[in-house]
Amino acid sequence: MVIGADFNGHVGEGNTGDEEVMGKFGVKERNLEGQMVVDFAKRMDMAVVNTYFQKREEHRVMYKSGDLEKAYDRVPREELWYCMRKSGVAEKYVRVVQDMYERSRTVVRCAVGQTEEFKVEVGLHQGSALSPFLFAIVMDQLSEEAKMIKMI
């Protein structure tokens, strides 16, 4: 299985202690998102493949465009499950992600206090290393379906 996505994480240069999941050619210092990617790779017996290949300095760049937070907040959960299945994600992984999102609740805090707890029934988890991958699945599937409509 190959998971390809920009997790907005830097797994960092060097691989001391993480040799089983990554090479030594990462970029910059490891950030929180990068640590989550490395930890996920360890738990799933996977590898951070791009760190195994040395890149020329001019190719060692990171790119960030726009504010995906707003887009993440609007992904309907039923659409997410549908897109995961259409993309060939095994049902057991769809169920694992559904379990992560089941009974999501939050509060809003402000200067005068906080609201009562309420359900969160739409959107992806902010700050999760998995959210960019899930968002990419949704966008890929919607793009494929748009192509099919255009062909009709």
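The side chains of K42 and D18 meet in a salt bridge, 2.5 Å from N to O (a salt bridge being a side-chain nitrogen of Lys or Arg within 4 Å of a carboxyl oxygen of Asp or Glu). This pair ties together distant parts of the chain, with K42 in helix α1 and D18 in the segment before α1, 24 residues apart. Keep in mind that this is a predicted model, where local features need pLDDT of at least 70, side-chain atom pairs count only at pLDDT 80 or more, and totals for chains, interfaces and linings use all residues. Residues are numbered from 1 along each chain as its sequence is written, and side-chain values use heavy atoms, leaving out hydrogens and water.

**Helix α1**
- Helices here are DSSP runs of H or I with at least four residues, and strands are runs of E with at least two, numbered from the N terminus.
- G34, V37, V38 and A41 are the buried residues of α1 (buried is under 20% relative accessible area, exposed over 50%, partly exposed in between, with a 1.4 Å probe and protein chains only).
- Those buried residues fall within an arc of 95° seen down the axis, so they line one face of the helix; the arc uses directions from the helix axis to the C-beta atoms.
- On the other side of α1, you'll find L32 and R43 exposed.

**Salt bridges**
- The count comes to 6 salt bridges.
- D18 is buried at 6% relative accessible area, while K42 is partly exposed at 34%.
- E91 and R95 also pair up, at 3.1 Å from N to O.
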